[in-house]
Amino acid sequence: MKQAQTSTSKSLRSWLGHLSENDEISIIDKKVSLDYEIAAITKKLDGKKAAYFSNVEDYGIPVVAGTATTRKQFADALDTTEKQLNDKFLNALDHPMPCHTIESSEAPVHEVVIEGEDVDLLKMFPIPVHHEKDSGNYISAGLSIAKDPKTGSQNVSIHRLQISGKNRLGALILPRHLYNFYKNAEEQGEPLEIAIVIGVDPITLLASQAIAPLGQDEMEIAGALKGEAVPVVKCKTIDVYVPANAEIVLEGKILPHVREPEGPFGEFPKYYGPRSDKEVIEITTITHRRTPIYQTIVPATYEHLLLGGIPREASLLRVLRNTVPTVTNVHLTFGGTCRYHIIVSMKKRNEGEAKNVIFAAFAAHYDVKHVVVVDDEVDIFNLEEVEWAIATRFQAEKDLVVVHGALGSKLDPSTDNGISSKLGFDCTVPLASEPMEYEQIKIPGMDGINLDEYLFNDPTLKGVNKEHFEE
Ligand code: MN
């Protein structure tokens with residue numbers, strides 16, 4: 001396996017340097033407000049360039065957003081192609097690389113330590129307000145790192161974090177791994193120690209979203225993706241290890257038996273997640289680099305969707321291959337919020353296999369709502385080709401699969417509190433069809449044509465000009 005380009009993914013800074021070299025970052029010197037303006041500019045640049053805000057009103061700390069907003073950028077960072085991205089991610093899941101612990105004195109993120117009364121999140125850091133009806137300023141790109149009190153293994157995840165006070169955060173913690181650790185601690189009446197890490201490269205963010213089993217440390221997946229052990233350092237006041245090259249670390253604890261209002265917050269499906277009583281994190285100590293960069297993710301941008309989508313695609317690909325080994329690739333589309341719509345390509349060997357793939361996709365993750373299965377010759381990353389397959393290779397009478405009353409996403413407002421219908425389109429060609437029936441038209445020799453050999457920028461050189469076309 002080829003190793004990733006470790007130099008570019010070593011830290012947020014090395015990644016920003018890489019973006020700068022490739023003209024993939026906009027430096028915004030004009031004074032910007034925390035309220036909506038950072039989010040608005042980031043959104044306008046989404047899919048084109050990252051945004052670095054050097055002059056944030058009332059703050060001396062810059063903000064960066066949109067550090068990777070295309071599949072190509074993630075593929076480049078992993079030294080692979082967009083089509084190989086899912087297999088590359090699976091390989092890292094299977095071959096995690098243990099982290100490498102370094103001394104506090106050598107950790108850039110420990111250059112400055114702030115404790116006690118001096119901790120004041122909103123005074124210290126430019127934490128933006130993103131959407132109109134958000135309840136306030138939110139940390140949206142913080143890696144939550146905690147240790148399982150039972151096994152000692154660490155977990156990395158991202159949660160939306162509302163600033164509820166100078167050292168207080170409201171957190172949405174869905175029932176996955178961190179929740180499991182927290183409940184174990186809470187049942188003993190104990191808080192759960194937690195570190196919030198802000199300012200890392202996009203590969204570390206991507207690894208945090210891996211659908212890995214409980215007990216697998218996502219930071220080791222980051223190491224595998226980078227091809228180099230992630231240097232970590234023990235926090236100053238809690239027994240948690242964090243990436244030493246990060247920009248900012250908040251050290252604290254999730255309080256037992258405390259719930260306070262959190263939300264609403266604009267989420268990935270482009271709707272607001274509701275306000276309700278949620279878990280509370282108290283921050284006791286903050287460490288950061290001497291001149292920290294604050295990182296944010298604007299919800300529902302391509303960056304946000306891809307961070308969730310790429311690791312999901314990898315896991316779905318594995319599950320579908322367990323059902324039908326000739327599944328070649330999967331694509332969670334932007335329009336489907338990188339969650340609800342999955343397009344699958346396969347080499348069908350037996351009639352009916354595409355329908356099994358549809359059922360496997362429904363079962364693989366409750367978020368999957370609409371499934372399209374096509375033959376391998378269709379490029380699943382080209383949505384025009386996929387639509388063409390639906391238009392010309394699908395008959396509702398025999399190719400449609402519908403299931404009602406299954407569990408879907410609670411964030412999909414068209415469901416009945418998560419109870420959802422599921423729909424599958426089998427767009428594979430019947431194996432018994434006549435060879436010419438589904439043969440795509442083809443122009444011989446077209447692939448070998450290099451247009452530059454035929455086109456001239458200055459038509460007058462060839463004696464063809466506007467006068468030729470006059471009547
Ligand atoms: Mn986990």
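Me: Which residues is Glu267 in contact with, leaving aside its neighbours within four places in sequence?

Reply: One heads-up: this is a predicted model, where local features need pLDDT of at least 70, side-chain atom pairs count only at pLDDT 80 or more, and totals for chains, interfaces and linings use all residues. Residues are numbered from 1 along each chain as its sequence is written, and side-chain values use heavy atoms, with hydrogens and water left out. Contact means heavy atoms within 4.5 Å. On that basis, the partners of Glu267 are Arg160, Leu172, Gly273, Pro299, Ala300 and His304.

Me: Is Glu267 buried or exposed?

Reply: Glu267 sits in the loop between β15 (265-266) and β16 (272-273). Strands here are DSSP runs of E, at least two residues, while helices are runs of H or I, at least four residues, both numbered from the N terminus. Buried means under 20% relative accessible area, exposed over 50% and partly exposed in between (1.4 Å probe, protein chains only). With a relative accessible area of 11%, Glu267 is therefore buried.

Me: Which elements do the buried residues of α7 pack against?

Reply: The buried residues of α7 are His177, Leu178, Phe181, Tyr182, Asn184, Ala185 and Glu186. They pack against β7 (142-147), β8 (154-158), β11 (192-198), α9, β14 (248-262) and β17 (276-288).

Me: At what angle do helix α5 and helix α9 pack?

Reply: Axes are lines fitted to C-alpha atoms, for helices over the stretch in contact, with angles from 0 to 180 degrees between N-to-C directions. Under 35 degrees counts as roughly parallel, over 145 as roughly antiparallel, 65 to 115 as roughly perpendicular and the rest as oblique, so α5 and α9 are oblique to each other. The axes of α5 (residues 85-94) and α9 (residues 218-226) are 8 Å apart, and the angle is about 125 degrees.

Me: Which residues in α9 do Lys88, Phe89, Ala92 and Leu93 in α5 meet?

Reply: This is a contact of α5 with α9, and it has six nonpolar, no polar and one charged residues. Ala, Val, Leu, Ile, Met, Phe, Trp, Tyr, Cys and Pro count as nonpolar, Asp, Glu, Lys and Arg as charged, and the others, Gly among them, as polar. The α9 residues are Ile221, Ala224 and Leu225.

Me: Which residues does Leu206 touch, not counting residues up to four places away in sequence?

Reply: Leu206 lies in helix α8 (residues 202-208), and at 0% relative accessibility it counts as buried. It touches Phe74, Leu78, Phe89, Leu306, Leu307, Ile310 and Pro311.

Me: And what does Asp399 touch, not counting residues up to four places away in sequence?

Reply: Asp399 is found in helix α13 (residues 396-399), and it counts as buried at 6% relative accessibility. It touches Lys355, Arg393, Phe394, Gly424, Phe425 and Asp426.
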